[in-house]
Amino acid sequence: FTEDEKREVTDIKEVTEDNFTIAIFDIMLGRKSIDEYDKAVKAMKDAGYDKVLEINQAAYNRYLKKLNG
């Protein structure tokens with residue numbers, strides 16, 4: 001990862017992962033309905049989590065390129 005990528009991933013994860021984890025635990029423990037899962041995923045995407053996936057894929061592609069010459 002580049003320094004900019006690390007910073008961006010960290011910023012996005014700070015906003016998304018805690019809330020998603022709490023939502024999943026609440027669903028698993030029966031405090032929320034399973035119907036809330038789609039809302040939790042949408043909230044992650046709305047907060048920019050797809051960008052984390054793009055950054056991870058780009059870093060992985062660079063790694064493979066270096067590995068394979």
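Let me begin with E5, which is buried, at a relative accessible area of 12%. Here, buried means under 20% relative accessible area, exposed means over 50%, and partly exposed lies in between, with a 1.4 Å probe and protein chains only. This is a predicted model, in which local features need pLDDT of at least 70, side-chain atom pairs count only at pLDDT 80 or more, and totals for chains, interfaces and linings use all residues. Residues are numbered from 1 along each chain as its sequence is written, and side-chain values use heavy atoms, with hydrogens and water left out.

What does the side chain of E5 meet? It meets that of R62 in a salt bridge, at 2.5 Å from N to O. The pair links distant parts of the chain, as R62 belongs to helix α3 and E5 to helix α1, 57 residues apart. Helices (H or I, at least four residues) and strands (E, at least two) are DSSP runs, numbered from the N terminus. R62 is partly exposed, with 34% relative accessible area.

By salt bridge I mean a side-chain nitrogen of Lys or Arg within 4 Å of a carboxyl oxygen of Asp or Glu. Side chains of opposite charge can pair when their charged atoms come close. The count by this rule is seven salt bridges.

Another of them joins R7 to D4, with the closest N and O atoms 2.6 Å apart. Both residues lie in helix α1, three residues apart, or about one turn of the helix. R7 is partly exposed at 47% relative accessible area, while D4 counts as exposed at 54%.

A further salt bridge brings together the side chains of D26 and R31, at 3.1 Å from N to O. Is D26 buried or exposed? D26 counts as buried, because its relative accessibility is 14%. R31, by contrast, is exposed, with a value of 59%.

I turn now to the surface. F25, M28 and L29 form a nonpolar patch there, with about 360 Å² of accessible area together. Patches are made of residues with over 30% relative accessible area and no salt bridge; like charges are joined within 9 Å, and nonpolar side chains (Val, Leu, Ile, Met, Phe, Trp, Tyr) within 5 Å. The areas come from the Shrake-Rupley method with a 1.4 Å probe, and for residues only the protein chains shown count as cover.

Finally, G69 lies in the segment after α3 (49–67). G69 is exposed, at 93% relative accessible area. From C-alpha to C-alpha, G69 and A47 are 36 Å apart in space, and 22 residues separate them in sequence.
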